[in-house]
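Dear colleague,

Please find the structure below, together with its sequence. My notes on what was found in it follow.

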Amino acid sequence: ASAGPEPPVTVELHALRHVDGDVVDYTVAPSSRVAGQALRGLTFPDGVAVTLVVRGDAVVVPRGGTLLRPGDHVFVAVQTALKPLVDRLFDPDAQTPPLADGLALAFPAEATLGQLHRFFGLPAPTWSTTPLQDLVAEGPARLGPFVVSPDDDPELVRLVHEPQNEP
């Protein structure tokens, strides 16, 4: 009997010491938010990319239809500042970390509201297929604790964590 999933392993890129990032080997836990999800159903902030999936002895090249199964090793290239968010996606307890006020992230403009809700573990609508670019077509909009606005890069939208204070 195992004592639960192994902690994520960080692969150091020695040839790239100056690079602000790592490749992290996550093991998919049955209760993690990514378990059973196809990659196309997930979204990641700019600065995060799934690079490789290892299932048993087989290497699976990640494509949109690739399902992440419990026990898979998922290698993720991630900027250092984004690692805590990605850690939570693979966390068996699937808790959403407290986010710093003013935290700014960029997400693909074609990512959907549902994907964003699943990424952050926000309540419904996790099924929404509305693209983020539609949300900000008229300018900045609020999505839960975030202010969403167009980015300088037209392929991205910017999220800033600005929770509203309760009256």
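This is a predicted model: local features need pLDDT of at least 70, side-chain atom pairs count only at pLDDT 80 or more; totals for chains, interfaces and linings use all residues.

Is Arg88 buried, exposed or partly exposed? Arg88 is partly exposed, with a relative accessible area of 26%, where buried means under 20%, exposed over 50% and partly exposed in between (1.4 Å probe, protein chains only).

Residues are numbered from 1 along each chain as its sequence is written, and side-chain values use heavy atoms, with hydrogens and water left out.

Salt bridges

The count comes to 4 salt bridges, each defined as a side-chain nitrogen of Lys or Arg within 4 Å of a carboxyl oxygen of Asp or Glu. Arg88 takes part in one of them, with Asp91, at 2.3 Å from N to O; Asp91 counts as buried, at 15% relative accessibility. Another joins Lys83 and Asp87 at 3.1 Å, N to O. Both residues lie in helix α1, 4 residues apart, or about one turn of the helix. Asp87 is partly exposed, with a relative accessible area of 24%. Asp151 also forms a salt bridge with Arg158, their closest N and O atoms being 3.0 Å apart. Here Asp151 counts as buried at 18%, whereas Arg158 is partly exposed at 31%.

Helix α2

Helices (H or I, at least four residues) and strands (E, at least two) are DSSP runs, numbered from the N terminus. Helix α2 is largely enclosed by the rest of the structure, because 7 of its 8 residues are buried. These are Leu113, Gly114, Gln115, Leu116, His117, Phe119 and Phe120. Among the elements that cover them are α1 (83–90), α3 (132–135) and β6 (104–108), contact meaning heavy atoms within 4.5 Å. Just after α2, Gly121 takes a positive phi of about 70°.

The cavity

A search of the whole structure finds 1 cavity of 30 Å³ or more. A cavity is a set of points, on a 1 Å grid over the protein atoms alone, where a 1.4 Å probe fits but cannot get out; lining residues have an atom within 4 Å of a point. The largest cavity holds about 50 Å³ of space, a volume being the space filled by probe spheres set on the points. Its lining consists of Arg33, Gln37, Leu42, Thr43, Leu89, Gln115, Arg118 and Phe119. Helix α2 gives the most to this lining, with 3 residues.

Yours sincerely

Key
On a 1 Å grid over the protein atoms alone, a cavity is a set of points where a 1.4 Å probe fits but cannot get out, and a pocket is an open set with protein on both sides within 12 Å along at least five of seven lines; lining residues have an atom within 4 Å of a point.
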